[in-house]
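This briefing is intended for a reader meeting the structure for the first time.

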Amino acid sequence: MAWYTTGTVSLTNGSTAVYGTGTAWVSTGSLNAGDIFDVGGVLYQVASIQSDTQLTLSTAYLGVTNATASYSIIPIGLLPSALAQQVKTTLSAAATAAASSVLYNTNTQGLTSVQQQNARTNIAALGQADVGQGYASISVAGGVNVILSAAQTANQIIQFTGTITASITVFFPLAPRVYIIENATAGAYTLTVAGATGAGVAVSQSTGSTIVYCDGINFYAAETPAIALSGGTAGQAPYQTGPGATGYYNMGTNITPVTGAYSTLKTDRTVLANAATAPLIVTLVTPAGNNGLIQTIKKTDSSTNTVTIVPAAGTIDGGASVTLASQYASITVQSDGVNYWTEASFSVSGSSTSVALVTNVSPIAMNSNGISTSVTIPADYNASSIGPIEIGDGVTVTISDNSSWSIL
């Protein structure tokens, strides 16, 4: 007798019940318990036949739920009796081993404690594809959903290829399991990995491999999700202030040359001020809302014109302004959200303090031998210069209380 293939069957993942459409399993008179039931190349044993349209498998169906599956029933009576008995024994052992090849939940798979022990015993004899260690490259080209076979989903690492012409879903068995998925498809569409029911996971193209897992109900992405950052603005960099908490600091990166009055932006890191034609003023961006912002102002020209730095709000080291009088003189300041503070190795203050250039050519330290702009040495500071020093006409050097100026 030929294999019986009439009609289609409806199977549910984790169930032993099989329902037929257009089938006549009893009426045909040739099918019996113990026959081989084949679906998608996976063999099961028929435990019993209840009617023309209902039978029961000896072990739970492990594939994807399918309401219109093609199938075959191979009557065991076609085989010699000794071989038939050997096939029955082999199928029984194989079915138990197959159940153990996929991580399962005993409630959904319906395995008894004895079957579980048998599965653990047989797992050592299974091949790498059975225990989910194999690799498969599967084309899903086109625009229709794809149902994977049990043999395909026995692999743990699966690559999908081909050009997809619509967003598709690739269906896996609803059994607890971990997969490594690579979406190597072409086409600007979404590929989703899911079971017959429950939630799925969209796997992005060209992002390497994605680890997904099924809990028997839904599919999930196993990788750590990206942390969404919010609250920052342009020119700010994030940092972690505590577990799950993010703060921001202001970080300018631009180098900005100027030849006239200029108000700095939070994106400025260095302002190159050229006062060759006339004195100029650089106004620092308001410190409020710019906590941590660091900016450097440098005078680049050799003229006697000054570069005056004033904050839009607050002070600089307690003073209203800082003046750069010599070529290449510079000052670096940092905001605390209220005022600015110098970060240079020297401290300046006062309403109009001049900073003279000091050049280091190791091991020689040099300073200008003339002072052309009035200078105030703040209270409680010591200053020194290498002489001789010539003080220009109308120029004063003011030494504040409890301060000193030594000329070496």
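Val271 stands opposite Ile297 in strand 23. The two strands concerned, strand 21 (residues 268-273) and strand 23 (residues 294-299), run parallel and are joined by four bridges. This is a predicted model, in which local features need pLDDT of at least 70 and side-chain atom pairs count only at pLDDT 80 or more, while totals for chains, interfaces and linings use all residues. Residues are numbered from 1 along each chain as its sequence is written, and side-chain values use heavy atoms, with hydrogens and water left out.

**Strand pairing**

- Strands (E, at least two residues) are DSSP runs numbered from the N terminus, as are helices (H or I, at least four residues); two strands pair if DSSP finds at least two bridges between them.
- Strand 23 also pairs with strand 26 (residues 330-335), in the antiparallel sense and over five bridges; here Lys298 stands opposite Ser330.
- Strand 22 (residues 280-284) and strand 24 (residues 307-311) are parallel partners joined by five bridges, and Leu284 stands opposite Pro311.
- Strand 24 is joined to strand 25 (residues 322-324) by three bridges, and these two run antiparallel; Ile309 stands opposite Val322 in this pairing.
- Four of the five residues of strand 24 are buried, where buried means under 20% relative accessible area, exposed means over 50%, and partly exposed lies in between (1.4 Å probe, protein chains only).
- Strand 10 (residues 157-161) runs parallel to strand 8 (residues 135-139), with five bridges between them, and Tyr135 stands opposite Ile157.
- Strand 10 is likewise parallel to strand 12 (residues 177-183), through four bridges; Ile157 stands opposite Ile180 there.

**Nonpolar cores**

- A nonpolar core is a set of buried Ala, Val, Leu, Ile, Met, Phe, Trp, Tyr and Cys residues joined through side-chain atoms within 4.5 Å.
- The largest such core has 21 residues, and those with the most contacts inside it are Phe160, Val170, Phe172, Ile181 and Phe219.
- At least two residues of this core come from each of strand 8, strand 10, strand 11 (168-171), strand 12, strand 13 (191-194), strand 14 (201-203) and strand 15 (209-214).
- Another core, of 20 residues, lies apart from it and includes Val282, Leu284, Ile309 and Val322.

**Aromatic pairs**

- Rings of Phe, Tyr and Trp (its six-membered ring) pair if their centres lie within 6.5 Å; planes under 30 degrees apart count as stacked, over 60 as edge-to-face and the rest as tilted.
- The structure holds seven aromatic pairs.
- The rings of Trp25 and Tyr71 form an edge-to-face pair, because their planes stand at 85°, with the centres 6.1 Å apart.
- Trp25 lies in the loop between strand 2 (17-21) and strand 3 (36-39) and Tyr71 in the loop between strand 6 (66-69) and strand 7 (72-74), so this pair ties together parts that are 46 residues apart in sequence.
- Trp25 is buried, with a relative accessible area of 0%, and Tyr71 also counts as buried, at 4%.
- Tyr44 and Tyr61 form a tilted pair, 6.1 Å centre to centre and with 50° between the planes.
- Because Tyr44 lies in strand 4 (residues 42-51) and Tyr61 in the loop between strand 5 (54-57) and strand 6, their pair ties together parts 17 residues apart in sequence.
- Both Tyr44 and Tyr61 are buried.
- Phe160, Phe172, Tyr179 and Phe219 are linked into a cluster by ring pairs.

**Salt bridge**

- A salt bridge is a side-chain nitrogen of Lys or Arg within 4 Å of a carboxyl oxygen of Asp or Glu, and a search of the whole structure finds one.
- Lys299 forms a salt bridge with Asp301, and their closest N and O atoms are 2.8 Å apart.
- Lys299 counts as buried, at 0% relative accessibility, and Asp301 is buried as well, at 6%.

**Surface and loop residues**

- Tyr220 lies in strand 16 (residues 219-221) and is partly exposed, with a relative accessible area of 31%.
- Tyr189, in the loop between strand 12 and strand 13, is partly exposed at 40% relative accessible area.
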